[in-house]
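Dear colleague,

Please find below the structure that I am handing over to you.

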Amino acid sequence: MNPDSPPGDVQDQGFTRPSVLVLLPFRNSALHWFHAFTSHTPPSLQIENQARFLAEYDLPPRCNLDNNFRIRVKLTRKSVQMFTEFYGCDLILASPLGLRQSIEKEKNTNYLTSIKVLIVDQMDALIMQNWDHVRFMMSHLNKLPKESHDTDFSRIKP
């Protein structure tokens, strides 16, 4: 048996890859989370699309209060990849409005079927924005998926 491969009876996956969702009220909050997250990564880890992220999110404070955004982050052994596809990411940083618009546009919430950790940051600001967006998004968490999206059903956690 290869020491790098998991044992044959491992059931450690969900239906889709994304497992952490962080709800944030503003783009500047996503920037703070990004800096906090990357400050704890090894220096050898490459951060892909960092320039694009900083160009879109590192704006002056008055310009950085947009509440319609979603960032998908994929973690690998050698890199942190920003702006990946929903089904290929591990972490989603988003506003409730950004997720709601994505759900309503695509009519698909399968990427929210395996969220294990939900962090709601600055809930007081989210309540003042529109709590209905948060409730709408939470009503779509951990539902059975409508499509498989390359799911290995032998590894689904019971």
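**Salt bridges and their surroundings**

At 53% relative accessibility, Arg135 counts as exposed, where exposed means over 50% relative accessible area, buried means under 20%, and partly exposed lies in between (1.4 Å probe, protein chains only). Please note that this is a predicted model, in which local features need pLDDT of at least 70 and side-chain atom pairs count only at pLDDT 80 or more, while totals for chains, interfaces and linings use all residues. Residues are numbered from 1 along each chain as its sequence is written, and side-chain values use heavy atoms, with hydrogens and water left out.

The side chain of Arg135 meets that of Asp132 in a salt bridge, at 3.4 Å from N to O. A salt bridge here is a side-chain nitrogen of Lys or Arg within 4 Å of a carboxyl oxygen of Asp or Glu. Arg135 and Asp132 are three residues apart in helix H4 (residues 123-138), so about one helical turn separates them. Helices (H or I, at least four residues) and strands (E, at least two) are DSSP runs, numbered from the N terminus. Asp132 is partly exposed, at 36% relative accessibility. Salt bridges that share partners join Arg100, Glu104, Asp132 and Arg135 into one network.

Arg100 is buried, with a relative accessible area of 17%, whereas Glu104 is partly exposed at 38%.

A further salt bridge links Glu56 with Arg52, whose closest N and O atoms are 3.0 Å apart. These two residues are four apart in helix H2 (residues 50-57), again about one turn. Glu56 is partly exposed, with a relative accessible area of 31%, and Arg52 is also partly exposed, at 42%. An α-helix has 3.6 residues a turn, so residues three or four places apart point the same way. The search of the whole structure finds five salt bridges.

**Overall layout**

The protein contains four helices and six strands. Read along the sequence, they follow the pattern β-α-β-α-β-β-β-α-β-α. Of the 158 residues in the protein, 42% are buried. Among contacts (heavy atoms within 4.5 Å) with a separation of 6 or more, 75% are between residues 24 or more positions apart.

**The nonpolar cores**

Which residues touch the most other members of the largest nonpolar core? They are Phe53, Tyr57, Ile71 and Met82, in a core of 17 residues. A nonpolar core is a set of buried Ala, Val, Leu, Ile, Met, Phe, Trp, Tyr and Cys residues joined through side-chain atoms within 4.5 Å. Helix H1 (27-38), H2, strand S3 (70-75), strand S4 (79-82) and strand S5 (91-94) each supply at least two residues of this core. H1 gives the most to this core, with three residues. Apart from this core lies another, of 16 residues, including Leu23, Ile92, Ala94 and Ile115.

Leaving aside its neighbours within four places in sequence, Tyr57 is in contact with Arg27, Ala30, Leu31, Asn64, Phe69, Arg70, Ile71 and Phe83.

The buried residues of H1 are Arg27, Asn28, Ser29, Ala30, Leu31, Phe34 and Thr38. These buried residues pack against strand S2 (46-48), H2, S3, S4 and S5. The axes of H1 and H2 come within 10 Å and cross at roughly 145 degrees; axes are lines fitted to C-alpha atoms, for helices over the stretch in contact, and angles run from 0 to 180 degrees between N-to-C directions. The contact is made by Arg27, Ala30, Leu31, Phe34 and His35 of H1 and Gln50, Phe53, Leu54, Glu56 and Tyr57 of H2.

In H3, the buried residues are Pro96, Leu97, Gly98, Leu99, Arg100, Ser102 and Ile103. What covers the buried residues of H3 includes strand S1 (20-23), S3, S5 and H4. After H3 comes Lys107, whose phi is positive, near 50 degrees.

Yours sincerely
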